[in-house]
Amino acid sequence: MKPNDMIRWLLITAAVVFVAELLLSGTGVLIGIGFGILFIYLGKWQLSGRKGTILFWVGIFIVAMSLLQSFAFYLVLTAGIIYYFTKIHDSTTDKPQTYQPSFDQDASEEQVFEQKSLFQNSWFGAQSAGSNVYEWQDTNIQSFIGDTIIDLNYTVLPKEEAVLMVRKMLGNVRIIVPYDIEVDVHHSVVYGSVTIFDHREQNCWNKVIHMRTKDYQQSSQRIKIVTSVVAGKLEVVRV
C-alpha cells in the first residue's frame, strides 16, 4: 500500500472510530476538550497574573488528557508521523533531472510580486486595524482564539468592490464601516450573536446570515464581508 493511501485510510478509520466512541462512550471527550479550550481562553485573555497562568495550563492539561483518551487521536497521530517521514523521504530521494525544451524564445515571463498583508493568521490573541491610517488591501485571515477589530474609517476603499474575509474558532469580530460605504455581509456561525447595523439576532445556532444594504449594487465604493465563527459575536456597525 502506498503511503498516501495508508494515510487516507488511517484518517477515514479515525473518523469512524471517533464517531463510534461518541456513540458508545458519550460526549465526554468533546466536553473535556470544550472545557479545556474555555480555560485556555479565560487564562490567556480574561485573567491576569498567577490565576490566569494556572488556568491556562490547566486548560492545556485537560485538552491533552481528553485527546489521549481517544483512540482516534492515536490514528491521526500515526497518519501525521507517516506523512512527515514520507515528505522527508521524498525530499532526500534523488530524482532524475528533466529538461523542457523551449520553442518560443521571445515569450516574456509573467512576473508576480509579494505584497505585505494587512493581517497575519494567528492561533491566539487579538487582531486590530484602525488605530492609525492604513492602506487598504483585500484581506483573508483566520485565527483560533481571540477578537478581531477592523475600523474602515482609517482607510480609503477602492472605487470597486473590496473584500474582507475573517474566519475564527472562538472570539468576536467587530467591523466599523463608514456611512458612505455600501455593505454585503455573509456570516456563518455555529453559536453566537449577530449585529449588522439595525439587524440583531441573539443565540444563533448553526445559522447562515446574508444581509445587504439597499444601494450595494449601484455603489462604486462597496465592501463584501465574509465571516465564519464557531462561537462568538459579529458586529458590523457605522460610526
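Analyst: Helices (H or I, at least four residues) and strands (E, at least two) are DSSP runs, numbered from the N terminus. This is a predicted model: local features need pLDDT of at least 70, side-chain atom pairs count only at pLDDT 80 or more, and totals for chains, interfaces and linings use all residues. Residues are numbered from 1 along each chain as its sequence is written, and side-chain values use heavy atoms, without hydrogens and water.

User: In which strand is Trp-205 found?

Analyst: Look at the run covering residues 199-212. Trp-205 belongs to that run, strand S8.

User: Is Trp-205 buried or exposed?

Analyst: Buried means under 20% relative accessible area, exposed over 50%, partly exposed in between (1.4 Å probe, protein chains only). Trp-205 is exposed because its relative accessible area is 62%.

User: How many bridges join S7 to S8?

Analyst: Two strands pair if DSSP finds at least two bridges between them. In S8, Cys-204 is the bridge partner of Gly-192. S7 (residues 182-196) and S8 run antiparallel, and the bridges joining them number 11.

User: What is the phi of Phe-197 in the turn?

Analyst: S7 and S8 form a hairpin with 2 residues between them. Phe-197 lies in that turn, and its phi is positive, about 55°.

User: Within what arc do the buried residues of H3 fall?

Analyst: Buried residues in H3 (residues 49-68) include Gly-52, Leu-55, Phe-56 and Gly-59. The arc is that of the directions from the helix axis to the C-beta atoms. The buried residues line one face of H3, because seen down its axis they fall within an arc of 105°.

Note on methods
The expected span of a helix is 1.5 Å times one less than its number of residues.
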